[in-house]
Amino acid sequence: MRALRLIFLGAPGTGKGTQAKRLSDRFGFDALSSGHLLRTEAAAGSEIGRKAEGYMKAGELVPDEVITGVMLAGIAQLPGERAFILDGFPRTLPQAEALDAGLASADRPIDGVLDFQMDDALIIRRITGRRSCNRCGATYNIEFLPPKAADICDECSERLIQRADDREDVVVTRLETYREQTAPLVAYYQERDLLQTVDASGSADEVTAATVAAVESLDRGE
Ligand code: AP5
């Protein structure tokens, strides 16, 4: 497979992180999650983490100037010959434009954008059942994808937590934020002929099959 450069777009809880991990394991993609990066910064008490924390707890986007620089720096560190997935970035038009400019100057343009789609009722069910590992970033679901031992990460044995922004009232705000600020990116990438839609409502294995099919068609240049 070619060293594809991909964006995973979609509302919160549609399974972007789950599928990014599966593709990384299967094809050796580097996956960069803006949410995981911000949670790591917040846990470390860094300046970026302190700036981001309040927005994240409220279900709002952190300001473009806080996230864009740190994500572009993270992308610049990825080896040039490797495939990568950006999970959760960009999320606004200014972020998308800054990403395009940054990648153009490095001659590493985006090859495709996968838009994960699912209805809101299922999103709320999936997010409120999510349990996360703060150490390695793995995610589980008490209903759909439970860990082998209750509340313990399969990957690194850390105790799992429920994210502060996974409460139902915050999820509703996150969905509104998505519709207002991130959904316009669908048209942005459609106009650039980069968008593929993935039905995210099936089982994790079904969504993986759809994701792999989309990535393989991009690999063939379709
Ligand atoms: P972020 O961490 O990016 O949150 P999100 O986009 O809201 O995405 P999620 O992590 O909620 O969901 P996901 O699609 O990865 O789903 P998952 O695979 O976990 O961002 C958090 C916050 O950080 C934002 O609100 C914002 O404040 C800030 N932020 C981040 N990026 C930013 C940016 N670029 N600009 C500004 N602010 C930014 O799956 C969800 C659940 O479902 C899990 O329990 C999983 O086990 C389960 N599951 C997954 N797939 C399936 C399946 N097929 N069947 C059944 N269960 C499944």
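**Ligand shell and helix contacts in a predicted model**

Good morning. A backbone N or O atom of A204 lies 3.1 Å from a nitrogen atom of the ligand, a polar contact being a pair of N or O atoms within 3.5 Å, where within protein one must be able to donate a hydrogen and the other to accept it, and residues adjacent in sequence count only if both atoms are side-chain atoms. The protein covers 97% of the 1,000 Å² of accessible area that the ligand has on its own; such areas come from the Shrake-Rupley method with a 1.4 Å probe, and for residues only the protein chains shown count as cover.

The model is predicted, so to speak of local features requires pLDDT of at least 70, side-chain atom pairs count only at pLDDT 80 or more, and totals for chains, interfaces and linings use all residues. Residues are numbered from 1 along each chain as its sequence is written, and side-chain values use heavy atoms, with hydrogens and water left out.

Let me continue with the ligand. Two further backbone N or O atoms face ligand oxygen atoms: one of T14, at 3.2 Å, and one of G15, at 3.0 Å. Of the 34 residues around the ligand, T18, E60, R91, R130 and R174 come nearest, where near requires a heavy atom within 4 Å. By class, this shell has 12 nonpolar, 13 polar and nine charged residues. Here Ala, Val, Leu, Ile, Met, Phe, Trp, Tyr, Cys and Pro count as nonpolar, Asp, Glu, Lys and Arg as charged, and the others, Gly among them, as polar.

Which element gives the largest share of the shell? It is α2, with four residues. Helices (H or I, at least four residues) and strands (E, at least two) are DSSP runs, numbered from the N terminus.

I turn to the helix contacts. The axes of α2 and α4 (residues 64-76) come within 11 Å and cross at roughly 105°; axes are lines fitted to C-alpha atoms, for helices over the stretch in contact, and angles run from 0 to 180 degrees between N-to-C directions. The two helices, α2 and α4, are therefore roughly perpendicular, a term for angles of 65 to 115 degrees. S34, L37 and L38 of α2 meet I67, V70 and M71 of α4, with contact meaning heavy atoms within 4.5 Å. These residues divide into five nonpolar, one polar and no charged.

Finally, two backbone features. Most residues other than glycine have a negative phi, and most peptide bonds are trans. A cis peptide bond joins F89 and P90, with omega about 5°, and P90 lies in the loop between β3 (84-87) and α5. D107, not a glycine, has a positive phi of about 55°. D107 is found in the loop between α5 and β4 (112-117).

Methods:
Angles under 35 degrees count as roughly parallel, over 145 as roughly antiparallel, 65 to 115 as roughly perpendicular and the rest as oblique.
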